[in-house]
Every structure is written in structure tokens, then in C-alpha cells.
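The following note sets out some points on the structure shown below. Please read each point with the structure in view.

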Amino acid sequence: GPAFRNITEDGFEGMIGVNHLGHFLLTNQLLDLLKKSESARIIVVSSNAHRMVTGMNFDDLMSETSYSATKEYAYSKLANILFSLEMSKRLDGTSVTINSLHPGGVMTELGRHLEDYLHLPDFLNTALRWTLSMILRDARQGAQTIICLAADRNVESISGKFFAECQISKTSLAGTNETEAKMLWDISEKLVNLSS
């Protein structure tokens with residue numbers, strides 16, 4: 001993400017706004033339609049970056065007192081996992097499942113602000129990007145767990161789990177915190193003006 005704090009049109013810190021609150025609102029707005037389906041799967045792309053934080057920073061959710069792009073990204077990815085955890089409880093008894101996943105390190109536009117952090121000469125930025133393109137997965141490889149969760153019959157009844165490499169994977173301890181998942185849900189509802 002950007003090296004400096006970004007604010008969305010709605011006044012949210014950019015990472016939590018884009019990576020969590022937007023998905024939270026859209027998913028909830030589509031929920032009635034999804035519940036009418038014979039079966040539906042909600043897939044939330046998170047990241048192992050959630051492991052860089054030990055819990056949500058509810059005291060400064062919008063990073064108004066301090067900002068670190070790396071930490072804000074990690075908080076937003078933890079929020080994805082907690083959202084999936086809480087939503088899976090609320091979907092219990094329906095034909096809708098929700099799971100989150102880590103796609104692996106993928107060469108995407110996520111690193112488009114890399115130069116803002118590193119302040120390297122252009123030739124080093126070019127060399128770094130080339131090196132990363134050799135190490136990181138391409139988009140097709142990064143999509144494999146998403147495709148698995150969308151289409152594999154073996155996971156159609158699994159809900160509230162975190163996946164990597166098309167298999168259930170452990171999250172950090174923070175990713176299993178049901179109290180924080182509920183708190184995040186309640187705060188998110190208020191922030192996006194969603195009535196339960």
C-alpha cells in the first residue's frame with residue numbers, strides 16, 4: 001500500500017476501508033440473494049501477513065495516531081479472517097459458506113508503491129521488480145486456492161476456515177479470536193451504517 005496514510009471517500013483509512021469495510025458492506029448487501037441460492041460460497045482473500053499483528057487495533061482502527069503501511073495491511077488482512085469467522089457463525093444453518101485464504105506471494109499491483117518506501121535509483125527499482133517477478137507467483141498461480149474454494153466439491157460444506165494451497169491452514173491465534181471477530185463486526189456495522 002501507499003507509504004503515507006490514505007483516506008477513502010467515506011473517510012476511512014485506505015487499507016481497512018478497501019480491504020475490509022468495502023467487502024463487509026458488499027457481502028452483507030448481497031446476503032439475502034446468496035441465501036436464496038441452492039448453495040453459495042463467499043471467498044475472502046486475506047494473507048499470511050495477518051500474522052504480523054497480535055490482534056486488531058480497535059483503539060486506532062483508522063490509524064489516526066500512528067501509521068505504518070505494513071501494519072495497516074496486516075490489520076486489514078486479520079480483519080478479513082475475523083469477518084469470515086463471525087460471518088460463518090451467522091450463516092450456520094444456511095446454504096451459504098464463507099472462507100478466507102492466503103493466495104501466496106503474488107506479483108500484483110500491490111507493490112506499485114514500492115518505490116515510495118525504498119527511494120532507490122530507477123535502475124535498482126527495475127532490477128528489484130525483475131527479481132520479484134522471478135520469485136513471486138503469477139496471477140494464475142495465485143488464483144488456485146480461490147478457484148479451489150469456488151469450485152471444489154470437497155470444500156462446499158466447509159465454512160469459517162482459513163485456506164492456503166487449497167487446504168485448511170492455521171491462522172495466527174488472533175485469527176481465531178471470536179471476541180474480536182464479534183467486536184469487529186459490530187464496529188463495522190456502525191461504520192458502514194448497516195442495520196442488522
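Predicted model: local features only at pLDDT ≥ 70, side-chain atom pairs only at ≥ 80, totals over all residues.

1. A residue is called buried when its relative accessible area is under 20%, exposed when over 50%, and partly exposed in between (1.4 Å probe, protein chains only). Helices (H or I, at least four residues) and strands (E, at least two) are DSSP runs, numbered from the N terminus.

2. Residues are numbered from 1 along each chain as its sequence is written, and side-chain values use heavy atoms, with hydrogens and water left out.

3. The protein chain contains seven helices and four strands. From the N terminus on, the order of elements is α-β-α-β-α-α-α-α-β-β-α. Of its 196 residues, 40% count as buried.

4. The four strands form an open sheet in the order E1-E2-E3-E4, with mixed pairing; two strands pair if DSSP finds at least two bridges between them. The edge strands, E1 (40-45) and E4 (167-169), each pair on one side only. From one strand to the next, the twist averages 45°. Axes here are lines fitted to C-alpha atoms, for helices over the stretch in contact, and angles run from 0 to 180 degrees between N-to-C directions.

5. E1 and E2 run parallel and are joined by six bridges. Ala40 stands opposite Val96 in E2, and Ile43 stands opposite Asn99 in E2. Strand E2 (residues 96-102) and strand E3 (residues 162-164) also run parallel, joined by three bridges; Leu101 stands opposite Phe163 in E3.

6. Helix H1 (residues 14-35) touches E1 and E2, and its direction makes about 155° with that of E1. Helix H2 (residues 69-90) touches E1, E2 and E3, and its direction makes about 160° with that of E2.

7. Why is E2 largely enclosed by the rest of the structure? Seven of the seven residues of E2 are buried, so the strand is largely enclosed. Both faces are covered, with Val96, Ile98, Ser100 and His102 on one side and Thr97, Asn99 and Leu101 on the other.

8. A nonpolar core is a set of buried Ala, Val, Leu, Ile, Met, Phe, Trp, Tyr and Cys residues joined through side-chain atoms within 4.5 Å. The largest such core has 28 residues, and those with the most contacts inside it include Ile42, Leu82 and Ile98. H1, E1, H2, E2 and H7 each give two or more residues to this core, and H2 provides the largest share, eight residues.

9. Glu180 lies in helix H7 (residues 178-191). Leaving aside neighbours within four places in sequence, Glu180 is in contact with Gly55, Met56, Phe58 and Leu82. Glu180 is buried yet has no salt bridge, and the nearest side chain of opposite charge, Lys89, is 13 Å away. A salt bridge is a side-chain nitrogen of Lys or Arg within 4 Å of a carboxyl oxygen of Asp or Glu; Lys and Arg count as positive and Asp and Glu as negative, while His and the chain ends are not counted.

Note on methods:
Contact = heavy atoms within 4.5 Å.
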